[in-house]
Amino acid sequence: MDKNDKLQEKLDLLSALKEDEEKNKKKKKDKFDLDPKKEAVLEEIKKVKDATPKQKNILLIILSFLALVISISYFLYNITKAKNNINQPYLIANSGCLIILSILLVITGFVKKKKGISIFNKLNILALTSYVIFQFLVTTETIKFPTLKTVGDLSNMSINEVIKWASSNHVKLEQTYEYSESIDSNYVISQDIPADTLLKKVEKIEVIVSNGPNYELTVNIPNMVGWKVDDVVKKIKEEKLSNTKIEFNFNEAIEKDILYEQSKSGEMKRNDEFILKFSLGSEADLKPVELIDLIKKEEFDATLWLKRNGIQYEISYEFHNNIEKGKVISTTPAKGTTIDQKTMKVKLVISKGPKIIAPDLTKMSLEEISEWATKNKLVLNYTSEYNDKIKAGDIIRVSVKKGDPLEENMKIEVVTSKGTLKMISISDGDITALRNFATENNLTLTETEEFHNSIEKGKFISISKKTGDTINSTEEIKVIISLGKSVELPNFIGMNVNNAKNTCKNIGITCQMSYVYSSKTKGTIFNQSMTAGSKVIGNTHIVLTVSNGPKPSSSSGNSNNNYNGGSTNNNTGNNNNNNSNNNTNTGNQTPPTQTCVNYTLRLGAGGNVQQTQSIIKQLNPNGKFSFKSVNPGYGTNGSLRNDMLSTYQGTTHTSCETITIYIIDRSL
């Protein structure tokens, strides 16, 4: 047997073995499949295996719960605390999505079956993918969330537009006008509430509105003699000179269009009259000129061209619907006409703008008025005042009547109501705030001062109006201010100096001793500047006159000049007949030198002129007054003229000074 035969035999044997193995496997499988008991056991094992609890991932559950708590907290924060964020709607939606993702994570941590875990894993992936897509769409502004309303940048807006905006957004608008070199008249310069501030936080906004250039402003004008006309005009416009008069005159010695005289140079106001004289050159050199197109040119520029060409002209003004105010409507003759300066004159018609007839503005809303004014290029100046009959925001009055003819750029005053005036809250003793409130609202304030044993000096005893009380414009506010505890002056006459000093110290007043010669016992008080029994405030200053004993005998011969100790002359009609016998003489003494005492002026008022005079004298026993009755057209009888309180109340004066007090007497 050769090698090939042996190899073939081995291959056949191997093939037979494989066939036997396959047959054995098939037999085993068929035998097992045919055994229902084994199959039932296998199924039972599978069920038990599937029912075996899967071990929970404790860390996953804890973290997912933490994420849920954080996302819910973030959601609640955006609802309650992010009210001032203009993107609050987006923040709420975003935090809501995070809550959904956190809830899915929590549920996944509690799922036991593999199939359930697989389902929730897919949901988590889908939710996360959706969230990423949502953020992408928001970032690219494919999805736009509404934002909360904010205050815009009002600068460079016309005041009429701002008024319309404020009205539609229910924001109270207050305007202050200031001059501006860069902002056109009636356009907003600045605002007190920054742009992008949430509108819901704004009740009132104040804007500063341009009043245009300040024509009262002082500018420095150089000496322009020798300048060409175009350079001078450029300077005039740069400095905004509003009252410039230009003349052109023949002058053979000076080149044409050269300035040869100006009325002033150096510092001047913009609205000062400013006269400039330019040369027309030689009259013989003046040639006829073709009239250029002056239509729609400014009056200043049109007349300047005519003047510099030696052309006489006259001007008339007409309303025009299409040509702006101040510009040329027409010329006679028309452009292209050759003008002979010696025989011809040009007529200019200047536009007054469209003719505007005023409607009844009192029957229009502020928004309607603003819209009408903007359309007709009119300027509205709004002011407001309190009015107890017209509700806040409504019109009280306007400066034009229905049917009045108006021109562009005219200013119309519109006064709106602030509603009912109510008493503000005043800190106890803050009399300055009360005075300012009365002055700002043109109210009569009557101040009275009284002694009070329990209310300290300067505090209010009473105010006729409580915080929030309605105040009519014709009413007055009455306030009583405490002078503190009163001190009753004792009778110092007859006391010795030491006792008097102790008494002054004990009762809390300041006593000044004035020593004079007197027949009274040396060292005793024989006169006091304020009468005993007078009620004064603590630390009041009085003068006590102390006897210094009789004057030395060397002066006894001057009896005719003796001081009478304050007694009145009993016989003034006898002139110089024995003056020494006409005095009720208390002894040989010289009159004390007049002493000027400082005091703080206190003002009060009563029901009539006489009562007010009496009260002021009582409050200021050291004062000297000249009372004047006036009728300024406001206030009640006996009240003080408004400037009295602001000028004098609480100021320091001396007893030697006479103060003029103006008291209202409505009968005058």
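Visitor: Which residues have the most contacts inside the largest nonpolar core?
Guide: In this predicted model, the largest nonpolar core has 31 residues. Elements that each supply at least two residues of this core include α6 (159-168), β3 (204-210), α9 (366-375) and β18 (411-417). Within the core, the residues with the most contacts are Leu173, Ile205, Trp372, Leu406 and Ile412.

Visitor: What is isoleucine 412 in contact with, leaving aside its neighbours within four places in sequence?
Guide: Isoleucine 412 is among the residues with the most contacts inside the largest nonpolar core. Two others named with it there, Trp372 and Leu406, are also in contact with isoleucine 412.

Visitor: What covers the buried residues of α6?
Guide: The buried residues of α6 are Ile159, Asn160, Val162, Ile163, Trp165 and Ala166, and the helix is followed by histidine 170, whose phi is positive, near 55°. The cover over the buried residues of α6 includes β1 (172-178), β2 (188-191), β3, α9 and β15.

Visitor: Are α4 and α5 roughly parallel or roughly antiparallel to each other?
Guide: The axes of helix α4 (residues 88-110) and helix α5 (residues 114-139) come within 9 Å and cross at roughly 165°, in a left-handed crossing. Angles over 145 degrees count as roughly antiparallel. Therefore α4 and α5 are, to each other, roughly antiparallel.

Visitor: How many charged residues are in the contact of α4 with α5?
Guide: On the α4 side the contact includes Tyr90, Leu98 and Leu101, and on the α5 side it includes Phe120, Leu128 and Phe134. By class, the residues of this contact divide into 14 nonpolar and five polar, while the number of charged residues is none.

Visitor: How many polar residues are in the contact of α3 with α4?
Guide: The axes of helix α3 (residues 58-80) and α4 come within 8 Å and cross at roughly 160°, which makes α3 roughly antiparallel to α4. The crossing of α3 with α4 is left-handed. The contact has 17 nonpolar residues and no charged ones, and its polar residues number nine.

Visitor: Is the crossing of α7 and α8 left-handed or right-handed?
Guide: The axes of α7 and α8 come within 13 Å and cross at roughly 155°, so the two helices are roughly antiparallel to each other. The crossing of α7 with α8 is right-handed.

Visitor: Which residues of helix α8 are buried?
Guide: The cover over the buried residues of α8 includes α7 (229-239), β5 (244-249), β10 (312-318) and β13 (345-351). Just after α8, glycine 310 takes a positive phi of about 70°. Within helix α8 (residues 299-308), the buried residues are Ala302, Thr303, Leu304, Trp305, Leu306 and Arg308.

Visitor: Is asparagine 309 buried or exposed?
Guide: Asparagine 309 lies in the loop between α8 and β10, where it touches Leu280, Leu286, Val289 and Gln341, not counting residues up to four places away in sequence. Its relative accessible area is 16%, and a residue under 20% counts as buried. Asparagine 309 is therefore buried.

Visitor: What separates the C-alpha atoms of threonine 150 and leucine 199?
Guide: Threonine 150 is found in the loop between α5 and α6, and is partly exposed, with a relative accessible area of 25%. Not counting residues up to four places away in sequence, threonine 150 touches Ile86, Asp196, Thr197, Leu198 and Leu199. Although threonine 150 and leucine 199 are 49 residues apart along the chain, the separation of their C-alpha atoms is 4.5 Å.

Conventions:
Residues are numbered from 1 along each chain as its sequence is written. This is a predicted model: local features need pLDDT of at least 70, side-chain atom pairs count only at pLDDT 80 or more; totals for chains, interfaces and linings use all residues. Side-chain values use heavy atoms; hydrogens and water are left out. A nonpolar core is a set of buried Ala, Val, Leu, Ile, Met, Phe, Trp, Tyr and Cys residues joined through side-chain atoms within 4.5 Å. Buried means under 20% relative accessible area, exposed over 50%, partly exposed in between (1.4 Å probe, protein chains only). Helices (H or I, at least four residues) and strands (E, at least two) are DSSP runs, numbered from the N terminus. Contact means heavy atoms within 4.5 Å. Axes are lines fitted to C-alpha atoms, for helices over the stretch in contact, and angles run from 0 to 180 degrees between N-to-C directions. Angles under 35 degrees count as roughly parallel, over 145 as roughly antiparallel, 65 to 115 as roughly perpendicular and the rest as oblique. A crossing is left-handed if the near helix is turned anticlockwise from the far one by less than a right angle, and right-handed if clockwise. Ala, Val, Leu, Ile, Met, Phe, Trp, Tyr, Cys and Pro count as nonpolar, Asp, Glu, Lys and Arg as charged, and the others, Gly among them, as polar.
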